[in-house]
Structure formats: C-alpha cells, structure tokens
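Welcome! Have a look at the sequence and the model below, and then we can walk through a few local features together.

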Amino acid sequence: MTQHSSHNLPYRSDIDGLRAFAVLSVVLYHFGLPLQGGFVGVDVFFVISGFLIGGLLWREYDHTGRIWLTNFYVRRFRRLAPAFFVMVLVTAAVAWAILLPFEYREFGKAAIASTVYLSNVLFFRQAGYFDAASEEKPLLHTWSLAVEEQFYIFLPLLILLLARSRRGLLAALIGCWLLSLTACIIATPTHPMAAFYLFPFRAWEMLSGVLLAIWGYQTRRQWRGYASLSWLGLILLVLSVVLIPAGPMFPGILAIVPVLGTVLILANGTGQNPVNRMLSHPRVVFFGLISYSLYLWHWPVYTLSTYLRGDDGTLLEALVWMAVSVAIAWLSWKFVENPVRRARGIPGGVVLSAMAIASLGTLALAGWIFKTDGLPNRFGPEARTHIAATGDFLQDWSRCYIADDLPLDGLEVCPIGPEGAPKVLVWGDSHVRAFKEGLDLAAHEAGVPGLIIWRAGCAPLFGLRKVESAATPAQNTACTQANLQIQQSFTRLQSLETVLLVGRWAYYVSGTGVGLDAENVIDIHPTDGAERLTLTQPQLISSAARETVTFLNERFENVYVLRQPPEIAQYSAQLAAREAAHQGMALAATPKTEPVMSRDTLALRAAISDAPWLPLAEAGAIHWIDSWPRFCTADTCSAIHDDIGQYFDNNHITNSAARRVRDLFTPVFASVTRQSALVETAGQ
C-alpha cells in the first residue's frame, strides 16, 4: 500500500496500474461484488511494496555501502502517516456516534495496535469462538499496513547487519524468502489465522518483490521483457481474484498465484504491449494514484455504513458507498497525502516530531476510549438496557481446566460451588454456559460441590452424532466422542450423586434455529442401531432421551432436566441495542427486533421441545425443572425483566438472568444434601 518511492527511481505508470488492479479488487470484494478472491489485492500490494522499497534500499546500499535509517523512516512517515492519522481520527468521530460501547472499546484497542504497527497481532489473537464479525472492526484492514511496517523494520536492519558481505546478504534474503514461503505453506492448513495475519508467514511475498528489484538492478534490466509474460501475469491475477476462495486454505500455496502474476508484470512492465498500455491508461492510473487512500478509507466506509444500515443493502447501495469511498480517497490524496509528500522543505526532524506527536495524541485518545469502556453514557436508558445485556455473558472460567487423567482426560471440566469432590454433574450445551453464574451461586449457597461439562451445539444425550451448519466436521466428531467418554466415565466418578441435563432441546428436535438464527441447521443421526435409522429427528431425540435417562437412573438417585427457557425468536441484545442507539438517525436500518412474544406464538415450538421429556417426567424417571414461569406471564414471554436484559441472543440468557433464577436449581443441590443425610443416618 506504498505510494511512489523516490525521485531516484524512474516513475512507472504500469505500477500505478497494478496498484489500481489491487485496490479495486479489494474494494469490490469487500462491498460484496462477485469477486471470490478479491482479497488477493493485498498480496499484490505486498509484492509491489517490496519491489519499490527493496529496490530503493538496495540502490542506496550499493552506492554507499550502508543505508540511512533516519532518512528511510522520514520518507515512509511523510508518505504514509498523515493519511493514516486523519483516517483514524475521522473514523473515531463517526464510530463515537454509532458504535455500541463494547464495540467502541474494541475500536480503541485496535487504534492503539494499529498506531504501533501491531494490529495484525491483535486481530490474530482475537480470532476465535467469541470473535466479533469482521464487519464490526473498522480498523481491521490495518493488519496489512502493520505487516508491511514490520517488514520494513526487519529489512533495513538485516541489510545493516550483513552490510559487509554482499553475498552473505543475498544468501540471507533468499534464505528468508524460502523459510517464509515454506512456513506459510506448512502452517496454512493447521494454523490458517497465523499464516494469514502474521509477518513471518507473509514476508516471502514482499521478499519476492525485493529479490526481483535486486536482480533487475544487478543485471541493469530495463523491465521491457516479453509481452507473453505480461499476459501470463495478468491471467494469473485475474484467475486469482475470480477463483481463489476465502477460507482456511489461504494464503498457503494458493498465494503463489497472485504473487507470481505480480512479479511477471513488474518484470515486464515497461515493454510496449497491450497489458502495459492498459495498466498505463490515465483512468487506471488515477485509481493507482489514490490507491493508498482508497485502501485506507474504503473499509471504514464499508463497515460503518453496513453497521448503520444493516446487512440487507442492495447492489445500488453498495455502488453508492463505493463512490463515497472513492470521493473521500481523492480528497485524502489531494489535500493530505500530496501536500505533505511534496513539501520537501520540511526538515526530517520536524517530520519525526510531528509523527511522534500524532502517535501520542492518537494513543491518548484510543487509550481513553478503551479505559472508559467505550463511553457507555453516550446513549439513552432504553439503549443502555440492551447494551448492558450485550456484555452480560462474560464469565470467570479460571477454575476450568482440561482434565489430564481418567476418566475425563482431554475434556474441559469446570468446578462450581465450594471446593471438594463433585456431588452434582451439570452436563449440556452452550445453555449450560449461559446458566453458569446461577449454577455456581446456587451450589455455593447449598454448600455442595459440582462439576460443569459443556460443549456448544452438543446435546447431552448418548448414542447420537450431529452434522451442524455452525460447526466444523472436527467439532461434530468431537461432540460424539466427548459424549461417549462421559458415558463411560460414570462408573469411575464415584462422588457424583445427581445429574442435571441442560440443552436447547427445540433446536435438536426441530433441526433448525428460529427467528434471527433460523439459518442454523443441525441434523442428528444415531451412532448405532439399524432400527433407529428410520426414525425422524423428533423420534430419534425422544429415543435418545429415554435411553440416556435409563442409563443415568441405573447409576444416580436423581436425574434432573431443565426445561429450555422460551426462545425470543426476533431478539438479539446487540441488534436491539443498535436499533435503540440509532433511533432517529438518518440512514438507520428499520428495526426488526421484538423483545416480547406471546405464549401462543411460542406454543408449537415449546411443545416439540418438551415432547421428549414430559413422558419421562410423568413416569417419575426425571425431575422436570420448568424455567418458563421465570421469564413469562400468563400471556407473554419477555427478554426484559425489571428493565434488566435477560437474554444475550434469542435463546441464551444473561448472567443477570441466571443469577435471578438460580433458585430453580435449589432442588438439584438440596437432593444431594438429603441423600447425604440419609446415608449418614443409615450409617448410624
């Protein structure tokens, strides 16, 4: 994403054409146009950057035997810093108006990381189960700028370190290129986020440009080359943006295609051929000239407009916001980039001082945003109710650990209540996680140690396997294996007296989510028993429930099952908070959340959810804990209770709700107390 290098290198309009191809690929991809691999534009930028900056450093090294770090960084700061800081400050101002507090807090963290060139590390570390969507991170695109700057700390220092041995330096550069490429290919299948975000796995792309520049300088190339190679390079780039899929196989070996295509065009870029003439066309060059600013501005425009308008925008809206991005980028290039870059009279010391002041100012602002938790008092009381619910799911899991001995070795287990051998096992899916605070408090109040085992999207039932749209094949397999291991462990968990099953039963019986998560699908299959292959999913869940309860009743005095709380289909605390915060704003999305539902609307899904368990409760095989009276009146069920959010999304409750309804679990822990008393009496 680097602009023109120096007057010491002749200007090549074809390189601006390549920049245009790169930035437009990225922009079109991000705004949803059908370019499957448009993200590879970043890889094109990496090669161009290495070619230009590496060429400059090598030329200076060849002429003087060393490089002047101060001059090098002054040039980079003069070229890149002004537009960057303006973008961050303007984005911070717009984000203040529309981002929710926890999202604005994360923006502050990202602003700190991007200012010190570590945003790629931050976004790598954030990738995971609880990571926010990329569309909620206005500074996500700065990861590539951070990778570049890390490279331009590494490269000059490497040249200085080996300056006395030209052969040694060349060998080191080639060795680093080979090591980085090999590491990238090896790491991508197993650690795709690291391979994507981190500098060591991306360095080979910039080194490809550096080595090309060195080869050209040493052989006095004029870069005219062959038209056939230019065509081949263009074909490789077009195939990359059209065919390379986003996902866990990139960068890896797939990244070689756009890198090689860029190298071929750069190596043959001054020849008189149709490819170079196209890249040098004034309209194409225009986008190359503004490419750095366009890259900087398009992502905040996209993320913040999508955040405000919602995800249901039309193609026309996407084109409008792209035009806005281009307009802002031109203004940035015209009135921020160019004036500073061309002001050669500004001494290097002034540039460095200005950079330091801007960095400290940005860090101070971002630190204030972060330390104040995103300024939560910006919004009114209605929004604050939902805002509080969005953050009311974070919990202390410090007591949890991966068991390293039998019978639960390899499973994550979480003690609750006082210390001691567990008397109660709470086994379930992510609804166990949602109830964790209430379960822990109830266990402490009863003085009974317990143990939690949970796995997202994994029904606490034996003899089943799942295929879930929201899970990977490995996660699906892990669910079946974990449940089998739990089943086999009960004969060795001698201290347990009571089991509580918790799950999103409606999801497993129906096979789909509802309302805002209706796109989630789960197919349940038996792991054994040919006669069960013909059962429908509701029948299969009922069969598994009977078999699981029979198995548990043979080993425990008490088996409890929690009735799934009502699903508030059209509710999401985050979405409801946005709608309340954006109320009255121009361009705000039409509200679609509904925090209250009638019981009549819920009746059918509730009936299928309860169907596997009610016969067992009536037969006395289980103790049925009905959670509905705590969330519903006679006519409605609500996500809000006494102005406090009770739901995080449409089916998971908040910590506040879990603590409020913890008395639901009093019988579970009291049963252990009663059973222990009976044992003691019998012993006397």
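Which residues form a nonpolar patch on the surface?

## A nonpolar surface patch

This is a predicted model, and the patch in it is made up of Trp-231, Ile-235, Val-238, Leu-239, Val-242 and Leu-243. Together these residues have about 520 Å² of accessible area.

Let's pick out one member. Trp-231 sits in helix α10, which covers residues 227–243. With a relative accessibility of 41%, Trp-231 counts as partly exposed, because that class lies between the 20% and 50% cut-offs.

## Two cis peptide bonds

Most peptide bonds are trans. Here, however, the bond joining Phe-250 and Pro-251 is cis, with omega at about 10 degrees. You will find Pro-251 in the loop between α10 and α11 (256–267).

A cis bond also runs from Leu-406 to Pro-407, where omega is near 5 degrees. Pro-407 belongs to the loop between β1 (401–402) and β2 (412–416).

Most residues other than glycine have a negative phi. Trp-223 is not a glycine, yet its phi is positive, at about 65 degrees. Trp-223 lies in the loop between α9 (199–218) and α10. Is Trp-223 buried or exposed? Its relative accessible area is 13%, so Trp-223 is buried.

Asp-643 has a positive phi as well, near 65 degrees. This residue is placed in the loop between β12 (640–641) and β13 (644–645). Asp-643 counts as exposed because its relative accessibility is 65%, and the cut-off for that class is over 50%.

Technical notes
Residues are numbered from 1 along each chain as its sequence is written. This is a predicted model: local features need pLDDT of at least 70, side-chain atom pairs count only at pLDDT 80 or more; totals for chains, interfaces and linings use all residues. Side-chain values use heavy atoms; hydrogens and water are left out. Patches are made of residues with over 30% relative accessible area and no salt bridge: like charges are joined within 9 Å, nonpolar side chains (Val, Leu, Ile, Met, Phe, Trp, Tyr) within 5 Å. Accessible areas come from the Shrake-Rupley method with a 1.4 Å probe; for residues, only the protein chains shown count as cover. A salt bridge is a side-chain nitrogen of Lys or Arg within 4 Å of a carboxyl oxygen of Asp or Glu. Helices (H or I, at least four residues) and strands (E, at least two) are DSSP runs, numbered from the N terminus. Buried means under 20% relative accessible area, exposed over 50%, partly exposed in between (1.4 Å probe, protein chains only).
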